[in-house]
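Reader: I'd like to learn how to read domains, contacts and cores off a model. Where do we start?

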Amino acid sequence: MRHPIIKQLSFVALCSFSIFSFADSIIVQSTTSTKNSGLYDYILPKVSTDIGIKVNVVAVGTGQAIKNAQRCDGDVLLVHAKPSEERFVAQGFGIERFDLMYNDFVIIGPSDDPALIKGSNDVSEALKKIAVAEAIFTSRGDDSGTHKAEVRLWKDSTIDPTKASGQWYRETGSGMGATLNIAVGMNAYALTDRATWTKFGNKGDFQIHVEGDQKLFNQYGVILVNPENCPNVNAAAGQKLIDWLLSKTGQDAIASYQVNGNQLFYPNAR
Amino acid sequence: MHSFPKMKKNIFMLIEAFSEAFGLILSADADLYEILWLSIQVSLTALLISIALGLPIGTTLAIANFPGKTICITVINSLMGMPPVVIGLLVYLALSRSGPFGVFGLLYTPTAMVIAQMLLITPIIAALTYQVMEDLHKEYRDLFFSLSIPLDKAVAAYLWDARYSLITAVLAGFGRAISEVGAVMIVGGNIDHLTRVMTTAIALETSKGELSVALGLGIVLLVLALVVNGLVTTVRTRARHYGYA
């Protein structure tokens, strides 16, 4: 410890941590798709110039994001599981839920398509075929928004895939990207939001097999964490961010984000 | 049957990924340096605190006699195998706004990451220090006692004598800190320009399917480890050289 270089280094290290404290910054507890698709990288610089707020995004699954927000570890919640979001507000953890934007889920799979579902726009029928063929299907299995949607879709198709858990139905317990990597590695089908899939870089020979069903609609919502419940919440800055996202400027910014010429999110705030 | 050409193709893809990774390193931008620098800052700070705690703990365990000493040693040895993700979870629960230390607002800051890594590597440094110091103490205790050398002088002599082994212990701690991902992911949140470090960036790129980028970051991390170890080895050899001159 008496060595001057070590002393200096530790001083530099400790000092540089304090520089973040004075900016008006907030924490957004978020689903992963909005981050992995690059949306935040695209709109957050605009947020910073327009309203001068530094937005720190913690991207975890929707289920975990809601839990974290309930523990007051965030100012704004941006996720995609409407029933859970409404419960979050009803229980007093959030102020009000706003529709922000939507896109859709798709079922992706290997190009040789062992369950013969390619081109289908009936998701229940496609899931039944996967179950009958016992083709490998990778599920998030992590209580995320996409996982909740998937569970609902299986229910609609009157199949309980968890009976085959560990056989053809494989719950990865991981994020969307990790699950897609596993699906590609195991030649398996998976349900994913279109945004993550479009931006995903390890597609192999995989493609979208099922799309266009009404049931595959994927709504994103945004909620300010209730400052009465969590006094640490930066409600003013959080509200400013939400107002910006719901404003014409914000909605246009979301609509103008494209990857390879494809629009990934469709704004629908009212 | 036709697996051989496929394997050949796959090996080619791996080589391609490596060359892409090296290309990315050569075109390294400010973001990469920021992430790398934060990794070094966090792990180095955690390491310095862990040395400040681990050396005295290990030395005390080696030299002092007190009831429950064996239990202490067993606990510290077991803590060496603590999974980072469990440390991360504990630190998260402690620093969460609804946790006991929530008022400090430390969650999702580099400080939280330092705390997690510090808890992770202090047992390693303490346990390895204990091992080294105990061996020396066994060897010299009677001699020093017969010469009426006071304990503080004896400890100083042990530390000096064991300096190379202790450097190895410190390197083990640094290696563990800079390479772990489970704890910093939970308590740091992998926030861009705030708490993103090398390992969480690798995890993020992997989850985006950008495997070449992830591999490139991995190579950078490996090079960093090589540089640190190379520096230490140089210092050691030079110190030895002068020591015996």
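Author: With domains: the bounds used here come from an automatic or database domain assignment. Keep in mind that this is a predicted model.

Reader: Okay, into which domains is chain A divided?

Author: Chain A splits into domain 1 (25-103 + 218-267) and domain 2 (105-216). The C-alpha centres of domain 1 of chain A and domain 2 of chain A are 26 Å apart.

Reader: How many residues does each domain of chain A give to the contact?

Author: A contact here means C-beta atoms within 7 Å. On that basis, domain 1 of chain A puts in 20 residues and domain 2 of chain A puts in 16 residues. On the domain 1 side, α2 (33-36) and α4 (62-70) of chain A each give two or more residues. That side has 5 nonpolar, 15 polar and no charged residues.

Reader: And the two chains, how many residues does each bring to their contact?

Author: You get 26 residues from chain A and 21 residues from chain B. On chain A's side, the elements giving two or more residues are α1 (4-15), β2 (54-59) and α8 (176-186). By class, this side of chain A counts 13 nonpolar, 10 polar and 3 charged residues.

Reader: Which residues have the most contacts inside the largest nonpolar core?

Author: They're A:V76, A:L77, B:V91, B:A116 and B:V187, in a core of 103 residues. Helix α5 (residues 110-146) of chain B supplies its largest share, 17 residues. Take B:A116: leaving out residues up to four places away in sequence, its contacts include B:I87, B:V91 and B:V187. There's also a second, separate core of 30 residues, with A:W197 and A:F206 among them.

Conventions:
Residues are numbered from 1 along each chain as its sequence is written. Chains are lettered from A and ligands numbered from 1 in the order in which they are written. This is a predicted model: local features need pLDDT of at least 70, side-chain atom pairs count only at pLDDT 80 or more; totals for chains, interfaces and linings use all residues. Helices (H or I, at least four residues) and strands (E, at least two) are DSSP runs, numbered from the N terminus. Ala, Val, Leu, Ile, Met, Phe, Trp, Tyr, Cys and Pro count as nonpolar, Asp, Glu, Lys and Arg as charged, and the others, Gly among them, as polar. A nonpolar core is a set of buried Ala, Val, Leu, Ile, Met, Phe, Trp, Tyr and Cys residues joined through C-beta atoms within 7 Å. A residue is buried if 20 or more other C-beta atoms lie within 10 Å of its own, exposed if 12 or fewer, and partly exposed in between; C-beta atoms are placed from the backbone.
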